[in-house]
Amino acid sequence: MSEEKSIERKDSVYEYSKEVQHIDNVRNINAKLANPLSGIPHDKLMANAAQFAEDHGLGHLKEEFKKGALVAQDPTAFESLPMLDDADRNVLRRELTHRWDQPWELYYLVILCSLAAAVQGMDESVINGANLFFAPQFGLDQKATDGSAGRNQWLLGLVNSAPYLCCGVVACWLTAPLNAYLGRRGTIFVTAFVSFASCIWQGVTNSWQHLFVARFVLGFGIGPKSATVPVYAAECAPPVIRGALVMMWQMWTAFGIMIGNVMDLAFYHVPDKPHIHGLNWRLMLGSAGVPALIIMSQVFFCPESPRWLMSKGRYDKAYESLLRLRHAPIQAARDLYYIHTLLETEKEITTGRNRFLELFTVPRNRRAALASTIVMFLQQFCGVNVIAYYSSNIFAEANFTEIQALLASWGFGMVNWLFAFPAVYTIDTFGRRNLLLTTFPLMAIFLLMTGFAFWIPEGKARLAVVALGIYLFGMAYSPGEGPVPFTYSAEAYPLYVRDIGMSLSTAVLWFFNFVVAITFPRLLGAFQPQGAFGWYAGWNIVGFFLILLFLPETKALSLEELDQVFSVPTRTHAAYQLKALPRNIKKYIFRMKVKDMPPLYEHEGAIGEKTYAPPGAGH
């Protein structure tokens with residue numbers, strides 16, 4: 001062996017050793033968090049639970065906490081626990097066999113969270129129809145012949161994108177302090193109030209500068225709410241339906257986008273009144289504040305997040321909250337004790353650590369951050385929000401009448417919502433990565449189809465093909481890049497950095513939302529519709545390869561298996577997927593018989609053992 005090869009081998013083994021050491025560190029952290037009660041003898045566990053009850057003013061519930069701690073240690077072994085009576089076993093049995101049989105207060109909370117998501121969608125989409133009216137009223141004519149068209153296109157983009165500029169730069173980073181001081185319900189109340197007030201404010205503006213300021217303030221209602229509501233729902237829901245509730249955020253945001261289009265149609269024909277010019281678009285923008293007012297009036301009737309109450313030392317209130325969210329005291333005691341144990345373990349783990357820095361210095365975390373950032377970025381640059389915010393302008397470019405443009409926009413909102421339903425099933429069966437790899441090429445094709453349709457001579461054929469292309473794009477987007485980013489980001493990060501990782505991912509999402517919203521009017525003017533749609537079609541092709549190379553599959557994996565998946569070096573993962581691509585094309589597109597490739601992951605083995613084999617590593 002030459003000296004160069006020997007050095008290369010030593011470097012490779014050294015890198016491999018460093019990687020395994022990082023894997024072991026993360027594995028130790030997540031092993032503690034996976035179930036901190038594992039391995040504790042029953043006698044000691046019950047004594048700890050009794051002491052916990054005494055220390056937190058719940059001494060009269062010692063027996064319930066003893067039973068709850070035993071069930072929390074191994075939730076599937078309750079049938080063999082002698083301390084439980086038949087009533088306890090029946091409750092726990094039914095919890096497994098009838099997972100949607102939950103207290104009405106939990107469903108009330110789910111409805112409130114869904115309404116909050118719908119407010120989010122309305123805040124984003126009512127501007128779609130209003131663009132047709134306030135732009136010319138405020139001197140932002142997109143087709144001005146005096147040379148100001150380019151400036152006007154940039155200014156329209158700036159006004160439209162103002163909330164997302166606020167979210168990406170300021171508002172999302174206020175989520176943590178707002179939650180720390182006000183709790184989940186308080187944060188939702190304040191952000192709903194900001195949404196309500198700024199929506200009304202938008203309706204009484206008298207210049208584009210004034211409207212820009214009102215919409216910028218709206219960002220303080222959108223950003224923290226988008227990060228708080230899914231967390232609130234997840235912390236209150238039992239594990240068996242938690243994943244489905246994460247999906248609800250995206251689904252009901254799509255519903256809100258559709259209702260925003262309905263409001264645009266409902267107020268289109270409203271005539272001006274004396275001294276009120278543009279009453280129709282003012283009512284469109286103001287309408288999004290009404291459901292926010294409903295949230296404000298109802299949120300404090302829901303229980304507060306038990307986890308937040310416990311983080312403030314209010315264990316008695318946390319137990320009362322869980323009693324409202326669970327059917328029986330044993331479930332409340334089990335969940336309270338288990339959350340307490342996790343909180344104590346997290347304190348132990350995070351003391352003296354810079355968790356934000358570890359997002360980038362620990363390879364396993366860095367790969368999760370890279371994958372999450374990619375899917376959040378692509379949700380904006382796949383082109384969907386261009387259609388959500390500007391479809392009325394796009395349809396008007398295709399010579400739709402204004403009312404036809406608004407009707408067609410409503411149709412897109414309906415398609416976007418209805419085709420989100422299949423993802424509730426496919427996201428956990430077909431998988432996150434496979435959904436994206438299947439839908440991104442389709443989205444590129446349908447965007448090109450829409451753009452090229454503008455070369456069809458004016459007439460019904462052009463109208464039909466433009467509408468069909470946009471609707472087909474919505475059908476491809478909704479079960480794929482629609483629900484996957486939030487779901488993927490929520491599960492990719494290790495628990496001990498998940499809140500910081502989600503803040504980063506959400507900030508990336510809203511910042512690039514701002515970029516898309518501010519640039520599209522000018523892009524449409526400079527590139528024309530053919531070039532604008534071609535631009536985003538190109539990003540969908542880029543997105544396909546980014547997902548292929550850098551996005552591991554995460555469906556139905558445990559914490560330990562996720563560590564293993566994200567422990568594979570990026571270069572190794574990308575090289576494997578490039579080799580697999582031709583084989584998969586032959587197998588799944590041309591239906592040819594091809595040999596199976598050796599698996600990249602071996603989930604049945606220990607992390608770091610035969611997970612991957614770098615050159616000369618000896619495996």
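A salt bridge is a side-chain nitrogen of Lys or Arg within 4 Å of a carboxyl oxygen of Asp or Glu. Glutamate 54 and lysine 62 form such a pair, with their closest N and O atoms 2.7 Å apart. The structure discussed here is a predicted model, and by this rule it holds nine salt bridges.

**The chain as a whole**

The protein chain contains 25 helices and zero strands. It has 619 residues, of which 55% count as buried. Contacts between residues at least 6 apart in sequence can be sorted by how far apart the partners lie along the chain; 78% of them join residues at least 24 apart. The protein chain exposes about 26200 Å², and carbon and sulfur atoms supply 64% of that area.

The predictor's confidence, pLDDT, averages 81 over the protein chain, and 87% of the residues score at least 70. Over residues 1-24 the pLDDT is below 50, and beyond near neighbours in sequence this stretch has 24 contacts in the model. Residues 26-33 also have a pLDDT below 50, with 24 contacts in the model beyond near neighbours in sequence.

| Residue | Partner | N to O distance |
|---|---|---|
| Glutamate 54 | Lysine 62 | 2.7 Å |
| Aspartate 86 | Arginine 89 | 3.8 Å |
| Arginine 334 | Glutamate 95 | 2.8 Å |

Aspartate 86 and arginine 89 both belong to helix α4, which covers residues 86-97; they are three residues apart, about one turn of the helix. An α-helix has 3.6 residues a turn, so residues three or four places apart point the same way. The cut-off for buried is under 20% relative accessible area, and exposed means over 50%.

The side chains of arginine 334 and glutamate 95 meet in a salt bridge as well. Arginine 334 lies in helix α14 (residues 329-350) and glutamate 95 in helix α4, so this pair ties together parts that are 239 residues apart in sequence. Both arginine 334 and glutamate 95 are buried. Salt bridges with shared partners join Glu95, Arg326, Arg334 and Asp335 into one network.

**Helix α16**

Is helix α16 enclosed or open to the outside? Of its 19 residues, 16 are buried, so α16 is largely enclosed by the rest of the structure. Helix α16 runs over residues 363-381 and reaches 26 Å from its first C-alpha to its last, close to the 27 Å expected at 1.5 Å a residue. Just after α16, glycine 383 takes a positive phi of about 105°.

**A nonpolar patch on the surface**

Which residues form a nonpolar patch on the surface? They are Ile585, Tyr588, Ile589, Phe590 and Met592, and together they have about 540 Å² of accessible area. One of them, tyrosine 588, lies in helix α25, which covers residues 570-589.

Key
Residues numbered from 1 in each chain as written. Predicted model: local features only at pLDDT ≥ 70, side-chain atom pairs only at ≥ 80, totals over all residues. Heavy atoms only, no water. Helix = DSSP H or I, 4+ residues; strand = E, 2+ residues; numbered from the N terminus. Buried < 20%, exposed > 50% of the residue type's maximum accessible area, 1.4 Å probe, protein only. Contact = heavy atoms within 4.5 Å. Areas by Shrake-Rupley, 256 points an atom, 1.4 Å probe, with all protein chains shown as cover. pLDDT = per-residue confidence, 0-100. Expected span 1.5 Å × (residues − 1). Patch = residues over 30% accessible without salt bridge, like charges linked within 9 Å, V, L, I, M, F, W, Y side chains within 5 Å.
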